[in-house]
Every structure is written in C-alpha cells, then in structure tokens.
Amino acid sequence: MEELTSFLQRLSQAPGISGHEDSVRAIVSEALEEHVDDIRFDKLGNLIATRNGSESAVMVAAHLDEIGLMVKHVDDKGFIRFVKFGGWFDQTLLNNRVVVHAPRGDVYGVIGSKPPHIMKSEEKKKTVKAEDMFIDVGIQDRQEADALGIRPGTPITLDRSLVTLQGHRVCGKALDDRAGVAMMVEAVRQTAAEVTVYAVGTVQEEVGLKGARTSAFGLDPDAALVSETAVAGDHPGIEEKDAALKLGEGPALTVTDASGRGLIASPSIMRWLEDTARQHDIPYQLEVSSGGTTDATAIHLTRAGVPCGVVSVPTRYLHSGVEVLDLRDLQSGARLMARALEAVGSRVSL
Ligand SMILES: [Zn+2]
C-alpha cells in the first residue's frame, strides 16, 4: 500500500494540463519500462507501451492530462487572466493556490478575490465566474511577467499535495485520471497475459477525448479497457438514485454513461469482466450514469468499432483539487484488469 501511495502521489502532483502531459508521461514511461517490450510516443503525444503476445491485442487506456488553466492575458499591473481547460465548477477555483508553469521555472500564485469585509450582502450570495477571476503571482506589471516567461499559453495547475486520510483513503488533485493511470500501470505489472497488451497513456481527454481517438485508430485493437475514475455519491448532498457508487466497495464497471450517448459497453466485455471478478472474488459495482463520459466513447467508435469497457475507481469531489478515493478500490481494479487480460485466449476470445 505504501508503494502505491507514493506512486500515486508522484502522479497526482505532476503537472499536466491537456497538451502539456510531458511530466506525467515521463513517470509512466519509467514505471512501465521493465514490464513491457516497447515504449513509444505517437505524434499527438500519447504514450504507447506494448507488451508483446499473441495476435489478438487489447488496448488499456488511461488519460494523462488533468483539468487546469492556461494564461490568456497579463494586464498592465501584472494580474493574470486565464481560460479553463476541462470541466470546472467555477466556485472550486476561487482562492486556490496555483502554479504557473513558466518556461524559466515554476511561479507560485493565488486566485484572488474580494474579502467579505467589503462585499455587499447580495454579492456574498453570488458565485464568482472564472472569467472574472485573476491570478496574483506577486508581480507589478507586464514586463515582470515577460521576464519570467509568463505569456498567453503558459499552463497553470492547482498547487496541491496528495495527503492520506483515514481508512486507506487519499486526497489530492488530478486523481482523475492519475488513479486510472496508476491502476493501468499496476495491471500491466501484474498480468501474465498471453494476448498482446497496448498500455496507452492518452493525451487531451479532458478537452475532447482527442488522444484516445488517434491512438485507437493507429493501434486498431481487438478490444479495449479504459482505466478511469467515476463519480462516487456516498456523501451528503447526493442521493443514491443520482449516483450509487460507494468508496471501498470495489471498482466500478460502466454499463453505460451519458444515458447511452457516451458508451454502451459491449455485452461480451461486461461478461468478460464480471466473470473474471466472480472467479477471483474481486468486488465490483455497476455504473449507469446520465452525465460525463470517458475515452471509451471515442475508442469504441474507432474504425469499424472496438468492443470497449470501463473500469473505474469511485472518487468523491471529482474535478476539484480535493478528490478522494479508497486505494483498495484501485488495487482491486488493477487485479481485475490483470486477471481479465490473462483470460483472453483461454476462456475469452476476441
Ligand atoms: Zn477522467
């Protein structure tokens, strides 16, 4: 568990907004090196690690990118305006500490706001829109920003360390999808699959499932599994009927997401995963969601179609800097994928 925690900590704390996944890719590459036959990066930046095997091939994908921000404009007084990358709830951004990843080195900053002392009572009830927010890095004017290399296009991430909570739980930023990345890496390390396995760290998922589309097209796999996080609803403010996944009750298998507009998992894939879980006594939960989607949406529509499933770690407070999950779910999910890959060829044919 300690080793997994520190691996996830490295992944979570690495900066990697969409299109800027280099640091995360380097960590994954190093972690997989000894367990695969070949690692390459494709033209879009996807990491493709191949574990050679039989003619059939299964793609396992997890996205490397995280939701974040990008410098849009620096004003005369040195305050930074930004655009959002990915699906943020604006309220979670305010008063966060951030890191501006300038080419000449990281610069700390804060998303500032008016203090309550001088707010009118109506103002206190209103939420602040991201477009009205600004980042203060301590500089006085645009020339100082220029000197630091801060300019339109500079990526920004939340400044958050991963911490451990009680009960095998951890809290941090970017667990969507670094938990999925860790689960994929663990699965590849553990499996004795006979089938060829492509472990793919995809880029630009949070801004339109882009890397999944190009990598799946290039690899043309016989089936695919996406390693992700999914909305857990086991806390105040969410009713079970709206989100039934719970922490600590095993990984989630997605039956469908976005009310069928995203992925409808292949029945053969569901059978394969559920049979594997039952056979190895691995707990799991089923997910049917009305919102949100994953790389599987892009992968399953590639070429003539790719049978696809999603294994997810149930996660609370998704798309915030304080995402919470239970490491045992991640471990069970990795074991499930490792054993499922081993079943291809003997019990399961693709
Ligand atoms: Zn995700």
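Is alanine 258 buried, exposed or partly exposed? Alanine 258 is partly exposed, because 15 other C-beta atoms lie within 10 Å; a residue counts as buried at 20 or more and as exposed at 12 or fewer. The model is predicted. The domain assignment divides the protein into domain 1 (2-66 + 173-343) and domain 2 (68-158).

**Domains**
- Between the C-alpha centres of domain 1 and domain 2 there are 31 Å.
- Eleven residues from domain 1 and 14 residues from domain 2 take part in the contact.
- On the side of domain 1 that touches domain 2, three residues are nonpolar, five are polar and three are charged.

**Helices H5 and H9**
- H5 (residues 175-190) packs with H9 (residues 327-343) at an angle of about 45 degrees, and their axes are 8 Å apart.
- H5 is therefore oblique to H9, and their crossing is right-handed.
- Residues of H5 that meet H9 include Ala179, Ala182 and Met183; among the residues they face in H9 are Leu330, Gly333 and Ala334.
- By class, this contact of H5 with H9 has eight nonpolar, two polar and two charged residues.

**Backbone details**
- A cis peptide bond runs from aspartate 176 to aspartate 177, with omega near 10 degrees; aspartate 177 belongs to helix H5.
- Alanine 174 is not a glycine, yet its phi is positive, near 60 degrees.
- Alanine 174 sits in the loop between strand S11 (169-172) and H5, and it is buried because 28 other C-beta atoms lie within 10 Å.
- Alanine 258 also has a positive phi, of about 50 degrees, without being a glycine.
- The loop that holds alanine 258 is between strand S14 (252-256) and helix H7 (267-279).

Key
Residues are numbered from 1 along each chain as its sequence is written. This is a predicted model: local features need pLDDT of at least 70, side-chain atom pairs count only at pLDDT 80 or more; totals for chains, interfaces and linings use all residues. Domain bounds come from an automatic or database domain assignment. Two residues are in contact if their C-beta atoms, placed from the backbone, lie within 7 Å. Ala, Val, Leu, Ile, Met, Phe, Trp, Tyr, Cys and Pro count as nonpolar, Asp, Glu, Lys and Arg as charged, and the others, Gly among them, as polar. Axes are lines fitted to C-alpha atoms, for helices over the stretch in contact, and angles run from 0 to 180 degrees between N-to-C directions. Helices (H or I, at least four residues) and strands (E, at least two) are DSSP runs, numbered from the N terminus. Angles under 35 degrees count as roughly parallel, over 145 as roughly antiparallel, 65 to 115 as roughly perpendicular and the rest as oblique. A crossing is left-handed if the near helix is turned anticlockwise from the far one by less than a right angle, and right-handed if clockwise.
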